[in-house]
Amino acid sequence: MDFAGSCHCGSVRWKGTLPATAVLKCHYNNCRKLQGGDYSSWVVVPRSQFQIAEGLEHISSYNANDVSSKSFCSFCGSASFLVNGKHFPGHFVLPLGAIDDYTQALAPQIQVYTPDKAPWVTLHDDEPVVS
Ligand SMILES: [Zn+2]
């Protein structure tokens, strides 16, 4: 296990292994609505590198479209993982904010959907923009 995470109330716990396929900041309008922040940060790992450790029965899911969904804790509403079949088929997309302990391997590497970014958000030179 290289990282672990949970929802706010602790009912859902998960764990995963690195390396991540990507660690990214997303400025996409859709992600803003799904996550509730002016941008959101995500760890993308192959499905084989992620598992729910506790609370599978407490996870609810919302289908954002035909290929993407958000799964979240039924009690506290915190995101558990996303599936993004358009950009990352075969992967889980995990909210960086839900991870218990940060290591440098979890630092965001790229920024995506920057044309949608909020006007007050400054792009970081050390996180290349990928479109
Ligand atoms: Zn919870």
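This is a short tour of the structure above, one selection at a time.

**Before you start.** You are looking at a predicted model, in which local features need pLDDT of at least 70 and side-chain atom pairs count only at pLDDT 80 or more, while totals for chains, interfaces and linings use all residues. Residues are numbered from 1 along each chain as its sequence is written.

Stop 1: Select residues 3-121, which UniProt lists in an unreviewed entry as "domain: CENP-V/GFA". UniProt positions are given in the numbering used here, feature names are shortened, and the annotation may be inferred rather than shown by experiment. Over residues 3-121 the chain is 6% helix and 42% strand, with the end C-alpha atoms 28 Å apart. Helices (H or I, at least four residues) and strands (E, at least two) are DSSP runs, numbered from the N terminus.

Stop 2: Now pick strand S4, residues 40-46. Is it buried or exposed? Here 5 of its 7 residues are buried, so S4 is largely enclosed by the rest of the structure. Buried means that 20 or more other C-beta atoms lie within 10 Å of the residue's own; exposed means 12 or fewer, and partly exposed is in between, with C-beta atoms placed from the backbone.

Show the partners of S4 next. S3 and S4 run antiparallel and are joined by 5 bridges, and S4 also pairs with strand S9 (residues 91-95) in the antiparallel sense, again over 5 bridges. Two strands pair if DSSP finds at least two bridges between them. Click on valine 43 in S4: it stands opposite valine 23, and it also stands opposite leucine 94 in S9.

**Stop 3: the nonpolar core.** Select Cys26, Trp42, Val43, Val45, Phe92, Val93 and Leu94, which touch the most other members among the 25 residues of the largest nonpolar core. Such a core is a set of buried Ala, Val, Leu, Ile, Met, Phe, Trp, Tyr and Cys residues joined through C-beta atoms within 7 Å. S3, S4, S7, strand S8 (79-84) and S9 each give two or more residues to this core, and S8 supplies the largest share, 4 residues. In soluble globular proteins, nonpolar side chains tend to be buried together.

Zoom in on phenylalanine 92, in strand S9. Phenylalanine 92 counts as buried because it has 25 C-beta neighbours inside 10 Å. Leaving aside neighbours within four places in sequence, phenylalanine 92 is in contact with Val45, Arg47, Phe50, Phe81 and Val83; contact means C-beta atoms, placed from the backbone, within 7 Å.

**Stop 4: a hardly covered hairpin.** Move to strand S6, residues 59-63, where the count of buried residues among 5 is 0. S6 forms a hairpin with S7, with 4 residues between them. The two strands run antiparallel and are joined by 5 bridges, and serine 61 stands opposite serine 71 in S7.

**Stop 5: two backbone details.** Most residues other than glycine have a negative phi, and most peptide bonds are trans. Keep that in mind for the last two selections.

- Leucine 18 and proline 19 are joined by a cis peptide bond, with omega about 10 degrees. Proline 19 lies in the loop between strand S2 (13-16) and strand S3 (22-26).
- Tyrosine 113 has a positive phi, near 55 degrees. Look for tyrosine 113 in the loop between strand S10 (110-112) and strand S11 (129-130); it counts as buried because it has 20 C-beta neighbours inside 10 Å.

Terms used
Two residues are in contact if their C-beta atoms, placed from the backbone, lie within 7 Å.
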